[in-house]
Amino acid sequence: MRSLLTATLMVVAIGTAASAQMTPPSTAGAKPKQVTTVPIRPAVQTPADTAKAMAQAERLAIQSDLAWVGDYNGAITGEVSERMVAAIKAFQKARGGKQTGVLNPQERGILAETAKRRQDNVGWKIVTDAGTGVRLGVPAKLVPQQSSDANGAKWTSPTGTVQIQLARSKVASPSTAKLAEQEKKEPAGRKVDYTVVKPDFFVLSGMQGLKKFYVRGAFKGDEVRILTILYDQAVEGTVEPVVIAMSSAFNPFPAGAQIAGPPPRKTVEYGTGIVVSGDGAILADRQVTDSCLTIAIAGHGNADRVAEDKDRDLALLRIYGARGLQPLNLANGAAKSGVELTGIADPQNQGGAAAVSSVKASIAPAGNGSDLALSPAPALGFSGAAALDTEGKFAGIALLKPVVVAGPTNGAAAAQAALVPADVVRDFLKANGVNAAGGSSDAKAAVVRVICVRK
């Protein structure tokens, strides 16, 4: 198995600055020579510089996606490294693109879609094992058979090609070095070709009979948690990206919010709202407006949340005494093959600005029978954006849902986008006394920035 060591931080500074002016001594009767000035060239921005300028969550998501497509085999930490840049170039080369080491928007969308498809193919999900308390990622479609006992849990494929074992035990005065040495010997016949021993965890990999194995373990006090993955060499191409993802997602001793699910929402969170009536009714994402001390509509003042649909994550806000609002006509439209999303990106994504923008997205069934998946996912801040079909009619509301990626469980979660269809939105509004007909077809004039301030 390839090394999972954290890659060395790549620091490359390329810059040239040269300016010279030379005037040779003149001689009697000689024609003066023209002075030549060499312009100063600005420093060249490297791929590492570009990556460092990204938000940590985006670097995590890129590394995770690169791992899922098989181009990145390092630790998913969000740190900029030579390995990360090389993986981006490998991804670009495989698709016949220019190997710049920097993903353009189209390449980033393709990477995200490819990674998501591979996650879906193996049934990737984050679970907390009730018996051991460990939080880990499991490829549920690869290993549908599950069993557990007092010492741990086990997931296996129908033919035993892939096996995942989670064990817990109590050991007096444990250390990662002692635990690693014990795992090298049990079961007998293991051939270890890779070892990493750190104060807080250890990793082993190699061959166990005819199968490849990967072991990651850690302890806290006298409690030991160990993850073991076994798989046939014939499925290495499919399983190895999963192993990298499982290693990064493995949290043997989760605490606080990590036990229950994704990280908590931000202290200040930005979303998009759709004005649905001239008297101050605004449609928004329920999660963006959840647990807020105050909800503000930029340029219009504070709002109250007057209704919600927990199943579909819809919220109805109201600004009292609002004037000059232009509602969007929500009648007659329906989601088709593709949509245009109109929203307001997070201030951090647009240099502190509050500009309204539109992006294209394709739609596909999301697997829950109701919502539709959107790809590529729009920028942060677009949750609650209006979606219009190819005829310019309302097709639904876009929601960004926080999910756990194959990265450190302490890290920020990447966002995936879903579309709540127009008919569901209309039913929600009707149930709360809002008429969806009438209004304008100008989505840019009908969207507002929603700001939630939490504790």
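Strand β10 (residues 268-275) and strand β11 (residues 281-285) run antiparallel and are joined by 2 bridges; two strands count as paired if DSSP finds at least two bridges between them. Within this pair, Val 275 has Ile 282 of β11 as its bridge partner. Strands of a sheet pair through backbone hydrogen bonds, either parallel or antiparallel. The model is predicted, so local features need pLDDT of at least 70 and side-chain atom pairs count only at pLDDT 80 or more, whereas totals for chains, interfaces and linings use all residues. Residues are numbered from 1 along each chain as its sequence is written, and side-chain values use heavy atoms, with hydrogens and water left out.

The two strands belong to a closed barrel of 6 strands, in the order β10-β11-β14-β13-β12-β21, with antiparallel pairing. From one strand to the next, the twist averages 40°. Helix α8 (residues 422-431) lies across β11, β13 (301-309) and β14 (314-318), and runs at about 45° to β14. Axes are lines fitted to C-alpha atoms, for helices over the stretch in contact (heavy atoms within 4.5 Å), and angles run from 0 to 180 degrees between N-to-C directions.

The protein chain holds 9 helices and 21 strands. Helices (H or I, at least four residues) and strands (E, at least two) are DSSP runs, numbered from the N terminus. Buried residues, those under 20% relative accessible area with a 1.4 Å probe and protein chains only, make up 45% of the 455 residues in the chain. Of the contacts between residues at least 6 apart in sequence, 59% join residues at least 24 apart.

Helix α2 (residues 56-68) has 13 residues and spans 18 Å from its first C-alpha to its last, close to the 18 Å expected at 1.5 Å a residue; the expected span is 1.5 Å times one less than the number of residues. Because 10 of the 13 residues of α2 are buried, the helix is largely enclosed by the rest of the structure. Among the buried residues of α2 are Arg 59, Asp 65 and Trp 68. Gly 70, which follows α2, has a positive phi, near 90°.

Gln 350 lies in the loop between β15 (338-344) and β16 (356-365). Apart from neighbours within four places in sequence, Gln 350 is in contact with Ile 344, Ala 345, Ala 355 and Arg 449. A polar atom of the Gln 350 side chain lies 2.8 Å from the backbone oxygen of Ala 345. The backbone nitrogen of Ala 355 lies 2.9 Å from a polar atom of the Gln 350 side chain.

How values were computed
A polar contact is a pair of N or O atoms within 3.5 Å; within protein, one must be able to donate a hydrogen and the other to accept it, and residues adjacent in sequence count only if both atoms are side-chain atoms. Buried means under 20% relative accessible area, exposed over 50%, partly exposed in between (1.4 Å probe, protein chains only).
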